[in-house]
Amino acid sequence: MKIFNAQQIYDADKWTIQRQGISSDELMERAAMQLFNWIHSRLQGGGTPLYIFCGIGNNGGDGIALARHLVEHGYHVMPFVVNYSETRSKDFLHNMERLKERKVWPVFLNDADDLPEIPKEAIVIDAIFGIGLNRPPADWVVKLIQHINGSQAFTLSVDIPSGMFVDRPVADYNGVIQANFVLSIQAPKLVFFLPETGRFVNQWQALDIGLDPAFLAEMSTDFEFITKYELLPAYRSRERFTHKGHYGHTLVIGGSLGKIGAVALASKAALKAGAGLVSSYVPQCGLVPLQSQLPEAMVIVDQGEGAITNIKFDVAPTVIAMGMGLGTDDNTKKTVGDFIEDTEIPVVLDADGVNILAQKPELLLKLPAGSVLTPHIGELKRLLGDWGNDFEKCEKAKNFSLQYDVVLVMKDAYTICWYKGRGYINSTGNPGMATAGSGDVLAGIIAGFMSQGYDALTAALFGVYLHGSSGDIAVEGMGYQALLASDLVDNLGNAFLALFEVPQAPPQESGGQNGQGGNQA
Ligand SMILES: NC(=O)C1=CN([C@@H]2O[C@H](COP(=O)(O)OP(=O)(O)OC[C@H]3O[C@@H](n4cnc5c(N)ncnc54)[C@H](OP(=O)(O)O)[C@@H]3O)[C@@H](O)[C@H]2O)[C@@H](O)CC1
Ligand SMILES: Nc1ncnc2c1ncn2[C@@H]1O[C@H](COP(=O)(O)OP(=O)(O)O)[C@@H](O)[C@H]1O
Ligand SMILES: [K+]
């Protein structure tokens with residue numbers, strides 16, 4: 001699913017209005033109808049007071065039009081106009097007239113002295129600012145936003161939480177609506193997925209208002225939201241007359257005394273992802289634990305007792321996953337550096353493998369074609385240097401991936417894979433996955449996909465998606481706290497099966513900070 005920037009949405013609006021021969025007012029009416037249907041299907045005419053705060057632009061227009069539908073269906077509506085500017089949009093004014101025709105007069109708020117009491121059992125509908133916010137809100141509007149946030153009422157934002165820009169960092173973190181739910185018009189916005197702004201969006205759903213599909217399909221975007229529907233066309237089924245040799249050989253290089261488990265996790269994950277063969281290359285201390293824990297993997301031992309000191313093997317892997325549990329012993333750093341310099345086999349570099357690259361940036365130009373890097377935020381900082389905000393971080397990550405022609409997997413609550421100037425935002429996963437070894441599993445899965453012949457980007461996207469999906473399935477049975485990295489491996493089969501589940505209702509794009517569509521306690 002494409003993630004559009006504000007200009008692209010405005011362009012799609014214009015095009016749709018022309019193509020479909022409708023007015024902008026009719027388009028707003030579609031948005032308002034969708035908002036109304038969503039609310040009505042949940043409240044079923046209940047008497048909860050609905051406090052609707054509307055700005056004076058089109059976001060406010062959506063809110064005022066929604067208020068009319070709610071009034072017509074007998075809801076207890078308290079509309080307010082947040083009068084932050086004299087320049088009102090045409091469609092806002094239309095909808096104000098219509099509301100007044102129904103004998104409903106919103107209360108105008110002009111400064112912080114006007115703030116209404118909001119009972120905590122009310123529902124607040126936030127239609128103050130949408131994607132048109134282009135400068136920090138006035139102080140009194142910030143106070144209103146703080147007042148709403150302090151009310152404890154459930155808050156539903158229209159399009160985006162008010163106070164958040166769509167293309168730059170938040171000006172004042174106290175001046176953004178903390179939304180329990182966001183109903184985003186047509187498509188989610190990038191800011192939902194970046195940690196600094198995403199924390200204001202507990203859950204979201206996109207409402208399709210029928211913007212011209214052909215126009216949207218042709219538009220090229222900087223970001224894409226990856227769900228199973230983007231991935232399924234790339235899935236390769238297994239042919240009957242094949243054998244393990246068709247599915248490649250993953251070599252996992254890593255481990256040091258006390259950290260052999262990282263290699264075991266990655267190796268098992270690669271096998272579970274479908275690699276035909278997996279070999280684990282470890283220091284001598286890893287031989288016995290690996291052979292006893294993971295009979296399916298072959299083990300190759302380095303000459304070093306507690307750390308890898310001189311990488312040498314006589315197998316011919318398709319892909320190498322490297323770095324998990326490696327440690328930063330000087331000999332290890334040297335042999336890993338030399339190995340990266342010499343090899344032409346694509347690598348999936350994780351953990352200390354990434355750290356070694358950060359210390360020896362000259363190696364970056366030597367990375368084999370089709371390689372993948374999987375840093376978490378700490379490792380990313382070592383690799384890219386610090387950044388001022390999430391937008392800067394994304395820019396740096398994109399440029400890095402372009403410069404070295406690698407897939408950069410920027411791991412986070414919403415992992416973003418960067419390749420060829422585009423960011424692919426993952427839709428699965430949950431905070432239960434913030435647990436030791438979870439990244440080792442991911443590197444193993446990605447390598448397992450690459451070994452079966454998936455290109456590096458597809459392998460990364462599939463791997464990140466299934467890793468998160470496996471986590472989502474696992475927590476259903478155990479909650480967040482109890483999730484272990486090995487549960488991610490164990491549930492990978494279920495995550496594959498879930499790819500092919502047919503939804504009971506047509507899919508609706510939705511998600512939440514706490515896992516896709518969910519807010520598990
Ligand atoms: N296809 C779609 O997605 C559809 C979207 N729709 C809806 O339209 C919404 C976008 O509407 P919008 O462009 O009118 O902007 P909105 O966010 O209401 O802001 C209003 C105006 O306020 C101003 N302004 C900015 N910052 C300010 C500040 N700090 N303090 C004071 N003023 C400030 C600025 O005007 P300026 O003063 O700069 O001229 C701005 O234009 C979108 O989010 C969605 O809800 C649907 O209706 C139909 C289809
Ligand atoms: N809050 C979260 N929501 C979704 N995924 C998460 C969350 N926290 C961590 N993860 C995922 O778990 C993995 C953690 O990786 P990493 O920090 O490298 O773990 P480790 O070093 O312990 O193996 C990443 O894939 C990350 O995206
Ligand atoms: K809003």
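This is a predicted model: local features need pLDDT of at least 70, side-chain atom pairs count only at pLDDT 80 or more; totals for chains, interfaces and linings use all residues.
Residues are numbered from 1 along each chain as its sequence is written, while chains are lettered from A and ligands numbered from 1 in the order in which they are written.

Let's start with the overall layout. The protein splits into domain 1 (2–221) and domain 2 (247–498), with bounds that come from an automatic or database domain assignment. Their C-alpha centres sit 41 Å apart. Where they meet, nine residues of domain 1 are in contact with seven residues of domain 2; two residues are in contact if their C-beta atoms, placed from the backbone, lie within 7 Å. On the domain 1 side, helix H6 (residues 195–198) brings the largest share, four residues. Helices here are DSSP runs (H or I, at least four residues), strands likewise (E, at least two), and both are numbered from the N terminus. By class, that side of domain 1 has five nonpolar, two polar and two charged residues. For the classes, Ala, Val, Leu, Ile, Met, Phe, Trp, Tyr, Cys and Pro count as nonpolar, Asp, Glu, Lys and Arg as charged, and the others, Gly among them, as polar.

Now for the inside. The largest nonpolar core has 157 residues, and Ile-52, Ala-266, Ala-270 and Ile-446 have the most contacts inside it. A nonpolar core is a set of buried Ala, Val, Leu, Ile, Met, Phe, Trp, Tyr and Cys residues joined through C-beta atoms within 7 Å. Helix H16 (residues 456–478) gives the most to this core, 11 residues, and each of domain 1 and domain 2 contributes at least three. Not counting residues up to four places away in sequence, Ala-266 touches residues including Val-252, Met-324 and Val-441.

On to the ligands. Ligand 1 is surrounded by 32 residues, with Gly-57, Asn-58, Asn-59, Gly-130 and Gly-132 the closest; a residue is near a molecule if its C-beta atom, placed from the backbone, lies within 6 Å of it. Helix H3 gives the most to this shell, with five residues, and the shell divides into 15 nonpolar, 13 polar and four charged residues. Around ligand 2 there are 18 residues, the closest being His-376, Gly-429, Pro-431, Ala-434 and Gly-439. There, helix H15 (residues 438–451) gives the most, with four residues.

Which residues does UniProt list for "binding site"? The unreviewed entry gives Asn-59, Asp-126 and Ser-162, in the numbering used here, with shortened feature names and annotations that may be inferred rather than shown by experiment. They are spread over 104 residues of sequence, yet they cluster in space, with a largest C-alpha distance of 9.4 Å. Asp-126 lies in strand S5 (residues 123–127) and is buried, because 29 other C-beta atoms lie within 10 Å. The cut-offs are 20 or more other C-beta atoms within 10 Å of its own for buried, 12 or fewer for exposed, and in between for partly exposed, with C-beta atoms placed from the backbone. Ser-162 sits in the loop between strand S6 (154–158) and strand S7 (181–185), and leaving aside neighbours within four places in sequence, its contacts include Asp-126.

Finally, Lys-100 in helix H4 (residues 90–101) is partly exposed, with 13 other C-beta atoms within 10 Å.
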